[in-house]
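Reader: I am new to protein structures. Could you take me through the terms, one place after another?
Author: Gladly. Here is the structure to look at.

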Amino acid sequence: MSIPSPVSGWAGRASVAHGSPPPESAGTGVARRAQRERRSGVFPGSRLERGAMEAAGDSTRFGYILELLKRDKVAIKGIERELICPACKELFTHPLILPCQHNVCHKCVKEILFAFEDSFADGGSESSNQSSPRIRFSASSMDRIDRMNRSGRKRNSLTPRSTLFPCPSCQRDIDLGERGINGLFRNFTLETIVERYRQAARAAIAIMCDFCKPPPQESTKSCMDCSASYCNECFKIHHPWGTVKAQHEYVGPTTNFRPKILMCPEHEMERVNMYCEICRRPVCHLCKLGGGHANHRVTTMSTAYKTLKEKLSKDIEYLISKESQVKAHITQLDLLLKETECNSERAKQEASQSFEKLYCVLEEKKSAALRAIETSKNIRLEKLQTQVEEYQGLLENNGLVGYAQEVLKETDPSCFVQTAKQLHVRIQKATESLKSFRPAAETTFEDFVVDTAKQEDILGDLSFHSNGLEIPEINEEQSRMYNRALISWECPGKTDSADIYVLEYHKLNKEEESVTWQKTEVCGKSKVLSDLDDDSSYAFRVRGYKGSICSPWSREVIMRTPPAPVFSFLFDDKCGYNNEHLQLNPRRTSVESRAGFPLLLGSERLQVGCFTTLDYIIGDTGIAKGKHFWAFNVEAYSYLVKVGVVPSSKIQKLFHNTPDVISPRYEQDSGHDSGSEDAFFDSSQPCTLVTLGMKKFFIPATAAAPKDPASRILPLPSCLGICLDCDRGRVGFYDAGRMKCLYECEVDCSGLMYPAFALMGGAAVHLEETVTANDREYHDDI
């Protein structure tokens, strides 16, 4: 049975009732004539059909090209891989278009999201993923699950929650926005193509009429407005002349009914009439006026339709015109396949010969070792056997003792003396050997233990080494340790000669004698690791692979993790925030002090001194218990910055009773150097802070601090960290680049503790950004 044409009713729409054929235009007549020629054996890409297509005009060119692509069963089978859902590996069912432009079944999207949320509830365990065997999470998704589960903190924020979706095609975490799955468009075009494929694949299975009395007749057309299939008689009955139903749109028999008007998923009562060139999706006018596409570049739907249609048509025309070139490439690829088979067999033989040589060397070494052990065994057995015989001679009536007993029977003195002298010496030696017994040979073979540890390491690294593959180097400046570890590397020649990289790492532990490297394969030149222990040092190394060829290992780099889990927060723009002196960035991750006009106008009444005070700002999240770490950067030009922690009970005092320490009316020094002023000043402070500024780190003047002021001044690290241990009542200040503690002191953690910062003059503080997996960038192609 011949397969029906899968494109009927898609390139154009018919609108004539009662099953009467629509008036045949020039383009339609050419297309039908091309179909008849194709059935009679005329090659569709011939000059006759190309001329006919040009005569048909632009209105039918696109539909005709698609007709050519699906001219037979082979073409339909060839596009099957484009119609398979990457999640369920089956034909698409109600496919949805993701922001990354990949398609996934509506049911699969819901299953993946449910499994994704369940993995959050189960702590990201492996068991949570086994409930849906066809779902596969990307590494970045599991890293995000682990990080959020470990944090255990909630921020009081009104920021709308976005939905993350792990795309099964590109293996990236895609942000679906606030509406989640409800904000995705159905791909009706793909849905129609899948339906045509199903019909062509099961041509013998007809679509029956929905209105016939039993037994139903085979349907001849389907109404897109009624979402039903009809035979010729039923169609005339339900779509009579002179009624509204006579104007309904009908196509060939199908089970795929889609709406005539595409509505906006965000504004359900609005139809889409524009196309966002940034997000690459249809939008309505409300999305452009005040929605998420307000500042995006949009174009009219007709312009986008025309542009995309022209591009796709030109690309398809180009591919069809290059059919001979494609066939030549296929022939060349077939030759390359055979050549690859031959070369692989030759490489296998050479590899087998190399390993046979190793086997021969090992067999020789094995035989030599076994011969040495056997020789030593025989010598030792001979010595021990001789010693056994000697001691057996010491028994009565045996050997030496028996012979001595017979000599004692000699009565002739001269004969006795002649024999007894030598016998007496032997008896004395036997007596001494009894007093100090020692075996004649050792029974252990410790000297014959073969140490193969080095050889095992060498054999473990045995691979197809190539001098042309560069050794990668880990970039310590771009690599960093924070909530997760970001390890970056590069090749000295700045060329990406390797196809894949293998990153190995292990925890430095003096108690462990053997080192066990953990291995991970990376396609790029960086890797984010989330399974590292806190307050630990790790060694990293990397090597490149190009096929079966690998480079030597890079130099090992040692990095240390933070002393505690990373605490995430933002600057609080409400509690005590002085927007006249401080300026926050939109994300509330950076704060900068600025003098501005208010301070300039306020200084008109001043004659001497400077009345500038510290401007405080705190974090928006508090800490009640546990051990936490956070890091930040202080700009090199900063004049004065104080950082530390403040309890919730003293926040009001911090913002409303700030001492004017630079005012001429404030005098801290009493005139002697007893240090009591510093002690009084420290005890009067509502929070625990250390001073930074002018590229220096100042250790507070305490009893444990050095007496020399110069020794209390350290260079300011590029990145600073604070570790708060509420359980022990300790706070430490770290060089976050090396994870080295610079200063530690006691702190009262009886209430909620908040990160605190104070700035004076020109200064800026930037919170350290957490390490996250980079999402793929999507570029506009219109």
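**Terms and the values behind them**

Author: The protein chain has 17 helices and 34 strands. The model is a predicted one.

Reader: What share of the 782 residues counts as buried?
Author: In the protein chain, 36% of the 782 residues count as buried. Buried means under 20% relative accessible area. The chain exposes about 47700 Å². Carbon and sulfur atoms supply 53% of that area.

Reader: What share of the contacts joins residues at least 24 apart in sequence?
Author: The count takes contacts between residues at least 6 apart in sequence. Of these, 64% join residues at least 24 apart.

Reader: What makes the link between the side chains of Ser222 and Ser229 a polar contact?
Author: The distance is 2.8 Å. A polar contact needs a pair of N or O atoms within 3.5 Å, with one able to donate a hydrogen and the other to accept it. The side chains of Ser222 and Ser229 are joined by such a contact.

Reader: What is the form of the peptide bond from Pro214 to Pro215?
Author: That bond is cis, with omega near -5 degrees. Pro215 sits in the loop between helix H7 (188-201) and E6.

Reader: Which residues form the nonpolar patch on the surface?
Author: Phe355, Leu358, Tyr359, Leu362, Leu459 and Leu462 form the patch. Together they have about 570 Å² of accessible area. Helix H11 (residues 323-392) gives the largest share, 4 residues.

Reader: How do you know that Leu362 is exposed?
Author: Leu362 has 52% relative accessibility. Exposed means over 50%, so Leu362 counts as exposed. Leu362 is in helix H11.

Reader: Is Asp620 buried or exposed, and why?
Author: Asp620 has 15% relative accessibility. The limit for buried is under 20%, so Asp620 counts as buried. Asp620 lies in the loop between strand E24 (615-618) and strand E25 (627-634). Its side chain makes a polar contact of 3.0 Å with the side chain of Thr621.

Reader: Why is strand E27 called largely enclosed?
Author: Strand E27 covers residues 688-693. Of its 6 residues, 5 are buried, so the rest of the structure largely encloses E27.

Reader: How do you know that E27 pairs with E26 and E28?
Author: Strands pair if there are at least two bridges between them. Strand E26 (residues 640-647) and E27 are joined by 5 bridges and run antiparallel. E27 and strand E28 (residues 696-698) pair over 3 bridges, also in the antiparallel sense. Val690 in E27 is the bridge partner of Val643. Phe698 in E28 is the bridge partner of Thr691.

Reader: What do E27 and E28 form?
Author: They form a hairpin with 2 residues between them. Met694 in the turn has a positive phi of about 55 degrees.

Reader: One more residue. What makes Ser750 exposed?
Author: Ser750 has a relative accessible area of 66%. The cut-off for exposed is over 50%, so Ser750 is exposed. Ser750 is in the loop between strand E32 (740-746) and strand E33 (753-760).

Reader: How far apart are Ser750 and Lys625 in sequence and in space?
Author: Ser750 and Lys625 are 125 residues apart in sequence. From C-alpha to C-alpha they are 9.5 Å apart in space.

Technical notes:
Residues are numbered from 1 along each chain as its sequence is written. This is a predicted model: local features need pLDDT of at least 70, side-chain atom pairs count only at pLDDT 80 or more; totals for chains, interfaces and linings use all residues. Side-chain values use heavy atoms; hydrogens and water are left out. Patches are made of residues with over 30% relative accessible area and no salt bridge: like charges are joined within 9 Å, nonpolar side chains (Val, Leu, Ile, Met, Phe, Trp, Tyr) within 5 Å. Accessible areas come from the Shrake-Rupley method with a 1.4 Å probe; for residues, only the protein chains shown count as cover. A salt bridge is a side-chain nitrogen of Lys or Arg within 4 Å of a carboxyl oxygen of Asp or Glu. Buried means under 20% relative accessible area, exposed over 50%, partly exposed in between (1.4 Å probe, protein chains only). Contact means heavy atoms within 4.5 Å.
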